[in-house]
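Good morning, colleagues. Please take a moment to look at the sequence and the structure on the screen.

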Amino acid sequence: MQTTMKPLITQLDRETVKKLDTMMSRTQGQLFNMPGAAYLGSVMCNMKFIWDLDAPTAYTDGKVVAFNPNFYLSMQSTTRVTVVAHEVWHPAYGHLHRRGNRCPDIWNQAADYVINNMLDSQGF
């Protein structure tokens, strides 16, 4: 028999968002304190972070970074820092503006490959 896990968060009330925002601030602070994070920190400060129950994981449109709160809560602290860094590197590298007429799915996979290898080489 297969069972499905019930999501931890099913609606985003004010109290829940406040708690999530506090946790995200800690994650951002951890990223700020990492060696060589000055550039990435400046990009991150110019982005808005939101919670999106409809997102499967996390995404960015270059100006906003959105996380599914259940995905965010499922990760350990160090993994959260890595995923925030990953999402912020997309606009830092100009991935959204440089895609042009290329296939969005293939372009995103290639961009993810570049970012993930770079993060891995930096010890994330």
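In what order do the 3 strands form the open sheet? The order is 1-3-2, and the pairing is mixed. This is a predicted model, in which local features need pLDDT of at least 70 and side-chain atom pairs count only at pLDDT 80 or more, while totals for chains, interfaces and linings use all residues. Residues are numbered from 1 along each chain as its sequence is written, and side-chain values use heavy atoms, with hydrogens and water left out.

Strands (E, at least two residues) and helices (H or I, at least four) are DSSP runs numbered from the N terminus; two strands pair if DSSP finds at least two bridges between them. Strand 1 (48–51) and strand 2 are the edge strands, each pairing on one side only. Strand 2 and strand 3 (residues 64–67) run antiparallel, joined by 3 bridges. Thr 60 has Val 65, in strand 3, as its bridge partner.

Helix 4 packs on the sheet and touches strand 1, strand 2 and strand 3, where contact means heavy atoms within 4.5 Å.

Let us turn to the largest pocket. A pocket is an open set of points on a 1 Å grid over the protein atoms alone where a 1.4 Å probe fits, with protein on both sides within 12 Å along at least five of seven lines; lining residues have an atom within 4 Å of a point. Among the lining residues are Thr 60, His 86, His 90, His 95 and Trp 107. Helix 6 gives the largest share of the lining, 4 residues.

Technical notes
Axes are lines fitted to C-alpha atoms, for helices over the stretch in contact, and angles run from 0 to 180 degrees between N-to-C directions.
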